[in-house]
Amino acid sequence: MSNRQVAMVIDLNKCIGCQTCTVACKTSWTSGEGQEGMWWNQVNTAPGHGTPKDWEKMGGGFKGGEPQKGVRPAQGDFGEGFELNYKEALFEGAGNEALKPIGDEPQWGTNWDEDVGAGDYPNSYFFYIPRICNHCTKPACMEACPRGAISKREEDGIVVIDEDHCRGLRFCQSACPYKEIYYNHVTGHAQKCVFCLPRIEQGVATACSRQCPGRVRFLGFLEDEDGPIHKLVNVHKVALGLHPEYETEPNVFYIPPLSPEKFDDDGNPTGEDRIPLEYLESLFGPEVGPALERIKQGRADKQAGRPSDLMDTLISKNFLDLFGPFTNHPREIERIATELEREPVIVPPSIEIAYRGPGGSSQ
Amino acid sequence: MTPLERSAVYGGFAAAFRTADGGADVLDEAVIPPPSKDAARAFMAAFDPSISKTAVSLHASAHLERDQTDLYQELIRWYDHFGLKRRDGGELPDHLSVMLEFLQFLTAQENANAADAAAVASLHAAQADFVTRQVLPLVDTVIGKLETADPRYHALPGALRAFLDDELAVLGR
Amino acid sequence: MTSGLTRRNFLKAGAAVTASLALPDFIAGSGQSLTALAGSRPRDYTKIVDIYRNKWTWDKTVRGTHLINCWYQAHCAFDVYVRDGIVFREEQAADYPQLNEDVPDMNPRGCQKGCSFSKRMYEESRIRYPLKQAGERGSGKWERVTWDEALDDIADKFIDVVTEEGTDRVIWDMGPDINVGAANAGQARFAQLTHSISLDSNSSNGDGHRGAFETFGNIYMDRSIEDYFYSDVILIWGSNPIVTSIPNAHFFTEARYNGSEIVCIAPDYSPSAIKADLWVPLAPGTDAALALAVAREIVFGGHVNESFVAEQTDLPLLVRTDTGKLLSEKDAKGGRTDRFTIMDKIRGPMTAPAKSLKLGTLEPELDVDTEIEILGGGKIAVRSVYSLLKDRLDPYTFEAASKMTGTPVSVIRKFANLCIRAKALSNVSGSSMNKYFHGNLTERAMILIWALQGQMGRPGAGYSAFAFLANDGWEDYVSGFRNGDRMKFGTDIGLDLLTDLAAGDTAEMFFKKLGNNSFKDIGGNLPIWTSAALFWQVHGGVMELAETADKWLPDLKKPVREAVKESLDNKWLPLQPPAGTDPRILFHYCANPLRSVRGSQKLTEVLWPKLKLSVVVDFRMSSTAQFADYILPAAAWYETTDHKWVTPLVPFNHVTNKAVEPLGESKPDFWIFTMLTKHVQKRARERGISSIVSHLGKTVQLDNLYEDMTMDGRFLEDDTDKAAGAIIDASSNLSHVSWEEQKEKGYARYNSIGISPLAIGNAGKLEEGKPFIPLTYHINDKLPYPTQTKRIQFYIDNDLYLEHDEALPRYKAPPPIGGEYPLMMTGGHTRWSIHGVWRDNRLMNRLNRGQPYIMIGIKDAADRGIADGDWVRCHNDVGEFEVRVKVTHAMRPGQVFMYHAWENYQFKGTGSPREVSPSPINPVELAGDHAHLKVGMLEGQPNSFDRDTRIEITRISGPRVSSEAETASSNDAA
């Protein structure tokens, strides 16, 4: 058990689906070989298939404390890191060849469902939901690994995979109910979000948090009673874990989304939220309705000129107030290690095996 | 060959993969034909994919499904370990000629440290690892994809491959 | 070495073998010589893991930004992390100060595109050295040439054209990288010194905000982003800020938490609609009907702010019912034709004040319908604009508007009540409305909601149109600092401006007119501009696509071609070179018209064959670059030091510092333009040509061009940084922070809107600790507006407007442009690129679908047997293109949606969405014989339209995946 738990609250009312977090994570962590289609952070449009495709149907986690069987996602479920045929399309004359992914046309990608949503027009609805590893209090992946390669750090509760011990058996992929573990087919290791450990250790907010222009993510220790996480999760009770039924006790929490009012059959406004409550309950459990009411009450207080600590916390006028103790500036600390400075030292595999063969630029 | 001669040959190859007429003053004409009259055009036709359909890039990243800067970082770690820094405005670190310059340097350093067995062992290990891990795969890819008609640019990667084979044999790989 | 192995001898006999070492691409990290480094003992190495044990540190971080026109979402300060002359990463600096404690701070500004530009700049599509087209244009037979070869050849062709055919045959096509900094100054100074023509692309892009221009005489008005925190009702209307204003978006979501209500008006359930409290779904192009219904409710419901409209608007002005013209002072009682008449409650007809909006003792009657005596005796019937407006609004009941918009009465009523109940009403500016054929009418109708209620000039209240804020030293630089005292600009400016100034023009009017002079053929100290939309229509052949426009446009009074000819013949709108005078050289300065111009397929067919030279200055391969004769490689934004204009939304000048040397042989824009003058001068001297007479009848000195360009050596080709600093030093609104400080910090807040014609229209104070609110000089300080009536003007008595029944705002249904087809193809800016610049980026494409797609609703797709991911043909009377389909729940039935800026080369063959958008000119936008409907900088020009485009969609096949794809398509063919 960890002494304290670092946690995150993600505000779905502020998330704009821009994927800056995805890119910040990608450029910091998964630029290496075998990681082309790997997104430790992703933003899905919900409702939707999600990433990996239909992950919510793949099981895992616990039920009544018993580990549940899960399905291991196939590589293609995560979407491909397709390459584009730059040379043919750009430099060999106009109309020669369209710039497009090499090989078969992609049929899936991490953001394939962008803005697709659900509902019948004009009662269409959707929202954006960023996801990372939940750094669960009871990690199903850790329990499932026969090599003991997955551990939960005592000092901050971050769940890490020791690549020296990992043999790529991939039980963790099946066990994780959130399907947030990836398999690197080049190195043969399971890999996942490390909660920007080298940044966190130096008091710098995670890349996905600090680089988020929507100011969506709150950071801190769950136990820190003055921090925003504790306030939102335990005091105001508006931040909820995703799919609590899996019993892993996730440490990433979500502020559920408000939505424009719904129309009746004649198109008249009804005053009700258009996102069906049953759908939100299927994601966040039965507490989501009361949480939304508390958020609406906060807005009503503001409109009436009454104070609202909840709204002030959610707004966080000062950017750094989002990040609890992690307010150091990455430019000003001695070094910002995001890429490869982790122990044990990981050497990427020889570039030899990744070279495409002669003439292998297409198909 | 002495380390100094090997260094000169690396330098010759580096120059030959940098510009059309590079390396002609160093490399043996019996192995590598001298530049033709229209060398500049032929060089680009062979190695510059931005202007020729059939050209093969000398940048390793062009052949890899790996983020360029991730590869740059690996190469810069190599160069940095031996005290080298990229010259402002120089070629990008994954170009074949830059890799060969690095080997030109390592062999020159071997020459200067010939009396220090430990130093020579370090340099030999580095040369062998670098050639195996970084240079040979690129050279083989270039050879595999090359479609030039010009005999010089046809011969050049082949000669380099032969030289590297000799090198690895000398280095005990 | 005594290996004992037989080795081939790779070393040439007699080759120099020396221990001294020089390497082209390396230096010693320690600062010693390479020879010395080689002589030192190496660090131990046993296996590869050793190199990974070394600490990875950055050589430096510098402040950078991206000198691209992201417009509403610009700009963002970044830290750029450099190692070994390579940019490895960037992260938002995120250290902007909080404006005051009422509002959130702006941190961290930056989106996913900015956060990965370091990846983009090293991609394969980067142009690394000058390229020359060796085959036919578009053939892709590129030849690498040296800068000297390229510049000499370009210089020779330039000299040929200007000596044989005239300086107006040389055209500068300006793209989204215009920065109003050193790069842009290099281009502009070249153009100004040689009297070549620069294209004003704003209206060609469909961003001209014509309705605001007609109403305010000015399109430049936007607030600072924090001001939304003071709004209790925010309308997202004609914009999609959740997608297109990524760093600004949190102000809307946070304002909502703060109690503000957000309303989104859009046909589709857009990414911005999801953040609203009320979404008003309406048929595309019917927004004017909605706005007029709200205006009707304001007027007939007794919600008009009478003192505001009496003072600030033309509503009390009298109109002659016989001619439909505004009653001038001259007609009324003798006097000036540019003064107008109100009906004073006590004194009867009186001249409306013009030098100030202050009414003094005047008490104008609003609702006037009477007869008055006029000069020379006789009576005429007059009505006030307000009286006419009441008649105009009367039919727009909620029920009528419901039929026009396809929106239930209850939704319209709820929306109207929100607009009326609002304490501080704001809108989020975008440019979508303007891309509808009748978008000007829509914008005028929308402005009524604000003006009738006096919802302007206060914190959180006001209409936002076009966002632009710039330094005002740039024009000084371009003129070679010959302007000296800005108020004295020399005789070139036109004495009439100074006369007008003496007669009561405000500074705003003076500087705006000064900008207008750029379009006149007087050859002043500023570059000569012309309307890009007109240029592409007339010279580019785009007009030919609208030959059948009378079929689509029921109220056209004459064919579009004749309407254009009438305007050009009457010099209502200037065009340079004039029709019939073929352009010969096109310099595309980071511009990409073959991608961006609606109907661009005509350009390669009509215009390109006339060209002797097409030169693209860019850092990437664009659709236009594929058809160029030369591509000159520009430095990327981390490879040069410069700064860029912004918007009032974020009133901070932003600076990018040179972090690394330009890749390959690429060069900063300023270097390129300066070196071009050097080569023109050199070739002119070698060819014995000293000077020529320009098309303006003035001398252009070719053999001294470089000396003139550099101001006699003051700013040489390598002096981008110095030139950028000189512009700052010359700026009244930025010189309070030194250039060196700005470089170090990365940004500096403007201390005023300055006097640039590109910003002065914002007409408000930029104060410390307060949000910026536009138009307060008019609303609070009572300075007249730069319009015909000196007021916010809803009545346009120009003959074209009278003829088309558009003197007052009204609703006209969106015409079926492209033919009678069932689907309306709307569009908008994308998350995934700024213009075309990231469209070919690997990372953005992986987060997208990797290929262009068109969005269609569930039912429209099902009706056509189309499934998600299928290939379809989109077609109408004008053209067709093939694309994949994305089926969504968000589209309105009858609407399909194409995000913009896909490059032509991302479509199979040559078909692209531009080919179905013929974009006929709206004849009222050809007006010119009017006091304020005149061509000006980024305003007053005809726009391009694509939102009314009608198409049908037909399924071709499923996704193309190896053998199945063939099966699918052969089934289809059967």
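Hi everyone, let's start with a strand pair in chain C: strand S7 (residues 170-174) and strand S8 (residues 197-200) of chain C run parallel and are joined by 2 bridges. Before I go on, please keep in mind that this is a predicted model.

Within that pairing, Ile171(C) has Ile197(C) in S8(C) as its bridge partner. And how does the chain get from S7(C) to S8(C)? It passes through helix H5 (residues 182-194) of chain C, making a right-handed β-α-β crossover.

S7(C) has another neighbour as well. Strand S19 (residues 585-589) of chain C is also parallel to S7(C), with 5 bridges between them. There, Tyr589(C) of S19(C) sits opposite Met174(C).

Now, is S7(C) buried or exposed? Mostly covered, I'd say: 5 of its 5 residues are buried. That holds on both faces, with Val170(C), Trp172(C) and Met174(C) buried on one side, and Ile171(C) and Asp173(C) buried on the other.

Let's move to the contact between chains. Chain C brings 88 residues to it and chain A brings 77. On the chain C side, several elements supply at least two residues each, among them helix H2 (49-53), strand S4 (86-92), helix H14 (409-421) and helix H30 (842-846). Helix H8 (250-257) and strand S11 (278-280) of chain C are on that list too. What is the make-up of this side by class? The side of chain C that touches chain A has 36 nonpolar, 31 polar and 21 charged residues.

Key. Residues numbered from 1 in each chain as written. Chains lettered and ligands numbered in written order. Predicted model: local features only at pLDDT ≥ 70, side-chain atom pairs only at ≥ 80, totals over all residues. Contact = placed C-beta atoms within 7 Å. Helix = DSSP H or I, 4+ residues; strand = E, 2+ residues; numbered from the N terminus. Nonpolar A, V, L, I, M, F, W, Y, C, P; charged D, E, K, R; others polar. Buried ≥ 20, exposed ≤ 12 C-beta atoms within 10 Å, placed from the backbone. Pairing = 2+ DSSP bridges. Right-handed = clockwise from strand over helix to strand, strands pointing away.
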